[in-house]
Amino acid sequence: MNSAWFSPMPTLRVLLVEADDSSRQIIYTLLRKCNYRVVDVPDGLKAREMLKGRPHNVDLILTEVDLPSIS
């Protein structure tokens, strides 16, 4: 048997950027229920600052198309 088949999947680390508080909370909750590690921020400036300090701690960025603070 292939031992890789039994290895647990690594947890995907997601940076969620969403200005609307209720939308951000819903998406955050859904992602957490799917076992993703999620960091959520309300705007692009905060996302940029977070990425400056730890750029390798994010596997996926999920964001709005238009970010008012940096678009």
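Contact here means heavy atoms within 4.5 Å, and by that criterion R24 touches L16, E18, A19, D40, V41 and P42, with residues up to four places away in sequence not counted. This is a predicted model, in which local features need pLDDT of at least 70 and side-chain atom pairs count only at pLDDT 80 or more, while totals for chains, interfaces and linings use all residues. Residues are numbered from 1 along each chain as its sequence is written, and side-chain values use heavy atoms, with hydrogens and water left out.

**The sheet**

- Three strands, 3 in number, form an open sheet in the order β2-β1-β3 with parallel pairing, where strands are DSSP runs of E of at least two residues and helices are runs of H or I of at least four, numbered from the N terminus, and where two strands pair if DSSP finds at least two bridges between them.
- Because β2 and β3 (60-63) each have a single partner strand, they stand at the edges, and one side of each is left without a neighbour in the sheet.
- Neighbouring strands of this sheet are turned by 20° against each other on average, direction ignored, with axes taken as lines fitted to C-alpha atoms, for helices over the stretch in contact, and angles running from 0 to 180 degrees between N-to-C directions.
- Strand β1 (residues 13-17) is joined to strand β2 (residues 37-41) by 5 bridges, and R13 has R37 as its bridge partner in β2.
- Between β1 and β3, which also run parallel, there are 4 bridges, and L15 stands opposite I61 in β3.

**The helices against the sheet**

- Helix α1 packs on the sheet, touching β1, β2 and β3, and its direction makes about 170° with that of β2.
- Helix α2 (residues 44-53) lies across β1, β2 and β3 and runs at about 150° to β1.

- R24 lies in helix α1 and is buried, with a relative accessible area of 11%, where buried means under 20%, exposed over 50% and partly exposed in between, for a 1.4 Å probe and protein chains only.
- N35, found in the loop between α1 and β2, is exposed, with a relative accessible area of 60%.
- Although N35 is not a glycine, its phi is positive, at about 70°.
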